[in-house]
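Here is a short walk through one structure. Look at the metal site, then at a pair of helices.

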Amino acid sequence: MDIIHNATLVTLDTDDDYGIIADAVLVIKGQHIEWVGTRQDCPFLKHDTDSAVKTHDAQGALITPALIDCHTHIVHGGDRAIEFEMRLNGAGYEELARAGGGINSTVRATRAASLEALIDSALVRLDHLIAEGVSVVEVKSGYGLDTETECQMLRAARALESKRDIKIRTTFLGAHALPDEYRDRPDAYIDSVVIPALEKAHTEGLVDAVDGFCEGIAFTPAQIERVFKKAKDLGLPVKLHAEQLSHLGGTKLAATYQAMSVDHLEYADANDAKAMAEAGSVAVILPGAYYTLRETQQPPIEAFRKYRVPMAVSTDCNPGSSPMTSLLLAMNMSATMFRMTPEEILRGVTHHAAKALGLTDRGRLAKGYVADLAFWQIQHPAELSYRIGFNPLIRRVVGGKL
Ligand code: NIG
Ligand code: FE
């Protein structure tokens with residue numbers, strides 16, 4: 001048993017406040033939190049002479065649940081810095097995609113990369129997230145767009161767990177873009193690649209969830225629905241990139257399939273929010289893509305509040321629309337650009353991010369939850385969203401390992 005004392009805890013253990021406990025003690029047994037409360041109420045401290053009990057002085061640190069990045073494309077080949085420059089010289093994101101650049105240029109680089117190269121380049125990005133107290137990262141496929149490379153990306157994602165103290169959740173995103181070899185044949189691509197690749201990846205145990213990109217430059221709701229039907233047959237939960245650049249109705253479709261999350265959502269409306277609330281879907285807010293693409297349409301935060309749709313915040317780390325490896329920066333952007341409150345945002349990178357991944361045992365400091373903790377050198381949790389480009393992490397604990 002481990003006893004952490006001399007800390008301020010931000011438990012997030014109810015839905016409507018930070019749950020701050022000053023002069024607090026947190027007790028860990030194995031991988032889980034055993035007890036949380038004030039020093040005064042702690043029944044365990046008197047046993048601290050027992051050799052099976054170790055006490056740790058947190059030296060006044062503020063402790064939150066470790067952060068969770070619930071939407072990333074962290075495994076991929078190459079980068080798109082040249083396209084970034086082209087966009088600044090006037091080219092549009094959708095225009096580049098239609099001209100064979102965009103996602104397809106990353107597909108070429110990913111197909112050309114070895115498994116080791118995919119792992120090594122992802123580790124560089126992953127280490128930035130880890131340095132900010134992240135303990136769980138979702139990783140999507142979607143830059144292979146053929147069966148072998150989609151599976152390879154997911155193998156690389158799974159391998160990250162053996163290289164670092166991190167929990168990885170994998171998401172199959174075969175319906176991310178139409179590869180060059182299927183140009184103008186999206187239905188054939190769904191039938192001949194996406195569905196067989198999903199079956200194979202699932203058989204290999206590589207898939208925790210299924211995602212798609214429902215957009216003018218990607219797939220229609222009807223095409224996405226065929227992928228969702230397959231996911232349902234395989235017993236896999238779904239999520240969706242929807243209403244990012246236009247309103248195509250992907251959110252309503254995702255809600256019909258009880259999606260764990262719907263992500264981006266700039267062009268979503270109040271009816272979409274209502275449908276998500278009824279389905280129990282999390283709204284994943286991705287300020288990095290909004291910022292990088294110089295979007296001006298804001299996600300309907302007020303509607304999500306009104307219908308009590310849980311909101312998560314994530315980096316969307318990817319080489320095109322969000323080359324971002326800082327969840328703390330995504331938190332700051334969500335506050336300043338979308339007027340989310342620091343409390344909503346902290347819940348969005350912990351408890352609601354866990355919910356977006358179907359994890360019910362993370363993102364809160366409470367008995368029975370996995371002891372994934374972040375220790376910060378700050379006085380108040382709002383500081384995590386307030387500062388720009390500043391990382392106050394002192395220590396990260398994953399699965400109770402101190
Ligand atoms: O989440 N929206 C679709 N997919 C990614 C970006 C893909 C890319 O540009 O490489 C996203 O923003
Ligand atoms: Fe994405």
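Buried means under 20% relative accessible area, exposed over 50%, and partly exposed in between (1.4 Å probe, protein chains only). Asp316 is buried by that rule, at 1% relative accessibility. His71 is buried too, with a relative accessible area of 0%.

This is a predicted model, in which local features need pLDDT of at least 70, side-chain atom pairs count only at pLDDT 80 or more, and totals for chains, interfaces and linings use all residues. Residues are numbered from 1 along each chain as its sequence is written, chains are lettered from A and ligands numbered from 1 in the order written, and side-chain values use heavy atoms, without hydrogens and water.

Now take the iron ion (ligand 2). His71 (NE2), His73 (NE2), His241 (NE2) and Asp316 (OD) coordinate it at 2.0 to 2.5 Å. Donors here are N, O and S atoms within 2.8 Å of the metal (3.2 Å for Na, K and Ca); water is not among the atoms, so sites may look incomplete. In sequence, the donor residues are spaced H-x1-H-x167-H-x74-D. His71 sits in the loop between strand S6 (67–69) and helix H1 (81–88), and Asp316 in the loop between strand S13 (311–313) and helix H12 (327–338), so the pair ties together parts 245 residues apart in sequence. Helices (H or I, at least four residues) and strands (E, at least two) are DSSP runs, numbered from the N terminus.

Turn to the helices. Thr147, Glu148, Cys151, Leu154 and Arg155 in H5 meet Val193, Ala197, Lys200 and Ala201 in H6. Contact means heavy atoms within 4.5 Å.
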